[in-house]
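Q: Please take a close look at one part of this model, starting from the overall fold.

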Amino acid sequence: MKNYLLSFFVLSAALLILPKAPALFPEEEVRFLTVLDADSGETYSLPLEDYVIGRLETLSLPPEEEARKAAAVAVRSMALYCMEFRPVHQEAALCNAPACCGGFAEAGFSQENIAAAGKTAGVVMTHLGEPAALLFHESGGKYTVSSESVFGVSLPYLAMVKNVEEGVTRELVLTEEAFLARLGIPPEVSGEELFWAYDRSGYLLRLEWESGSLTGKEVASLLSLPSACIEGETVGSEVRILCHGRGHGVGMSLNGASILAREGKDYTEILAFYFPKGELKI
């Protein structure tokens, strides 16, 4: 079960590799990831903390230090999960192919990200003594989404959590005809025949009609929406949609982490808020 989930996580969470980054911590404190070079097929060792800093460089992070530190712990925990279970590459924790395990930053590291990694060095979140696959997204709706709703596999620390943000990212209004055409639904189907199936968090699981259905992720993609946290209804001859957040909605909202940091929460409290069944190992 863990291997199935992580094969999807590694593809969707845009994990990255730093093949040439210098070690930024004393040698005795360095842990290494085994990385598969996609071009040569050879493996090499990469300092874990170099990876953490480089991953942070690719994210649109909040300015608050405690939010960045929470993201650093999430990145580190996911990397160690991959190192432990090697779900995609049996010979390595990760690869450096952008299309497989994500892109990477090799230089130009900010002092903010170096500090976030340095001040949390060695801190990871675990569950039942094993590294936890911590996921995060840019922003969300009233609730975060369980891993079961999005990935089909339930992990206790990736459950639905009452969020601290409720904003609408995008509002979309289409004629019924245009809506059906965008989704490839037969034109003879009326909007009133559509059934919107949601999970408890408001994540769209399926859009159904008598002869077919689409997943929430498919609906979001076809409508160019940044999230499948969608409210849809047919009003007269129009279909009105409210989209909440950006990303898959599982785990920690970076925007929510920013809000919590501004409220005075430190990174341990932010992580405990979004992953209440995880155990923080400091």
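A: The chain has 10 helices and 14 strands, taken as DSSP runs numbered from the N terminus (helices: H or I, at least four residues; strands: E, at least two). This is a predicted model, where local features need pLDDT of at least 70 and side-chain atom pairs count only at pLDDT 80 or more, while totals for chains, interfaces and linings use all residues. Residues are numbered from 1 along each chain as its sequence is written, and side-chain values use heavy atoms, with hydrogens and water left out.

Of the 282 residues, 52% count as buried, meaning under 20% relative accessible area, with exposed over 50% and partly exposed in between (1.4 Å probe, protein chains only).

Now the close look: His244. His244 sits in the loop between strand S12 (238-243) and strand S13 (252-253). His244 counts as buried because its relative accessibility is 8%. Its side chain makes a polar contact with the side chain of Glu231, at 2.6 Å. A polar contact is a pair of N or O atoms within 3.5 Å; within protein, one must be able to donate a hydrogen and the other to accept it, and residues adjacent in sequence count only if both atoms are side-chain atoms.

Beyond neighbours within four places in sequence, His244 is in contact (heavy atoms within 4.5 Å) with several residues, including Glu231 again. Among the others are Gly140, Gly141, Glu166, Gly167 and Val168. Thr169, Ser227 and Cys229 also touch His244. Across the chain, residues 24 or more positions apart account for 70% of the contacts with a separation of 6 or more.
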